[in-house]
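Visitor: I have a model open and would like to go through some side chains. Can you walk me through it?

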Amino acid sequence: MNRRTFLQFSTLASFAAIGYFLNPLKLFELQNADARKISEPEMELPDLQFAELELRTQTDSIVIHHSGTENRKDLSAAEVHKYHRNLGWAGIGYHFVIRQDGTIERGRYIDTVGAHCYEHNGNTVGICLSGNFNYDQPTRKQLNSAKKLTAWLCQKYHLDPHSDSTLLGHRDLILGTNCPGMNLYEDLDELRDFCIRKVRV
Ligand SMILES: [Zn+2]
């Protein structure tokens with residue numbers, strides 16, 4: 001390309017760029033894309049002390065768990081943290097806990113390697129819904145919070161909600177566990193459908 005052709009080309013390119021941004025339809029699309037942005041859901045930030053944590057550099061999946069205790073208690077992130085510390089872990093293994101009233105509590109810092117799914121902690125985020133869903137149903141408020149949280153995570157990590165590997169139950173990855181309990185496992189499609197409707201990646 002000689003200089004003259006280059007100048008003609010760059011002038012044309014500039015007009016094309018200006019035209020693109022002045023096009024009301026394009027402007028609408030740009031604004032609309034922004035309007036579709038999913039904001040970070042409100043969450044409680046309990047003051048938890050961790051031993052050394054490792055940064056996670058890759059995020060391919062979101063793994064859903066239940067706390068699954070026999071007493072079917074609505075455990076808090078702080079209670080799970082204490083339990084996991086007593087096991088000798090760095091702290092709570094999940095990145096989030098969702099209480100039965102729908103409150104989302106932060107667990108392990110989101111960009112660190114969790115301790116919730118053996119051999120898959122290096123590239124997954126772990127969410128625990130409090131309760132034992134082999135017996136009980138997750139509450140509507142828990143499911144609604146789980147939807148907001150998973151949609152936001154899909155957007156944050158550019159995970160395609162259509163993909164079979166984006167939103168998983170613990171038992172999809174580990175043989176021999178029924179986590180997150182039969183009842184919650186059946187609700188995972190509702191979370192996937194919500195993310196498919198809300199998330200543009
Ligand atoms: Zn689990």
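Guide: What follows covers one histidine and then the salt bridges.

Guide: This is a predicted model, in which local features need pLDDT of at least 70, side-chain atom pairs count only at pLDDT 80 or more, and totals for chains, interfaces and linings use all residues. Residues are numbered from 1 along each chain as its sequence is written, and side-chain values use heavy atoms, with hydrogens and water left out.

Visitor: Where is His 65 found?

Guide: His 65 is in strand β1, which spans residues 61-66. Strands here are DSSP runs of E, at least two residues, and helices are runs of H or I, at least four residues, both numbered from the N terminus.

Visitor: Is His 65 buried or exposed?

Guide: Buried, with a relative accessible area of 1%. Buried means under 20% relative accessible area, exposed over 50%, and partly exposed in between, using a 1.4 Å probe and protein chains only.

Visitor: What does the side chain of His 65 make a polar contact with?

Guide: The side chain of His 116, at 2.9 Å. A polar contact is a pair of N or O atoms within 3.5 Å; within protein, one must be able to donate a hydrogen and the other to accept it, and residues adjacent in sequence count only if both atoms are side-chain atoms.

Visitor: Which residues does His 65 touch?

Guide: Leaving aside residues up to four places away in sequence, they include Tyr 94, His 116, Cys 128, His 170 and Cys 179. Contact means heavy atoms within 4.5 Å.

Visitor: Changing topic, how many salt bridges are there?

Guide: Seven, where a salt bridge is a side-chain nitrogen of Lys or Arg within 4 Å of a carboxyl oxygen of Asp or Glu.

Visitor: Which residue does Arg 140 form a salt bridge with?

Guide: Glu 190, and the closest N and O atoms are 2.7 Å apart. Arg 140 lies in helix α4 (residues 140-156) and Glu 190 in helix α6 (residues 182-198), so the pair ties together parts that are 50 residues apart in sequence. Arg 140 is partly exposed at 46% relative accessible area, and Glu 190 is partly exposed at 25%.

Visitor: What about Asp 189?

Guide: Asp 189 forms a salt bridge with Arg 192, with the closest N and O atoms 2.7 Å apart. Both residues lie in helix α6, three residues apart, which is about one turn of the helix.

Visitor: And which residues are linked in a network?

Guide: Salt bridges link Asp 74, Arg 99 and Glu 105 in a network.
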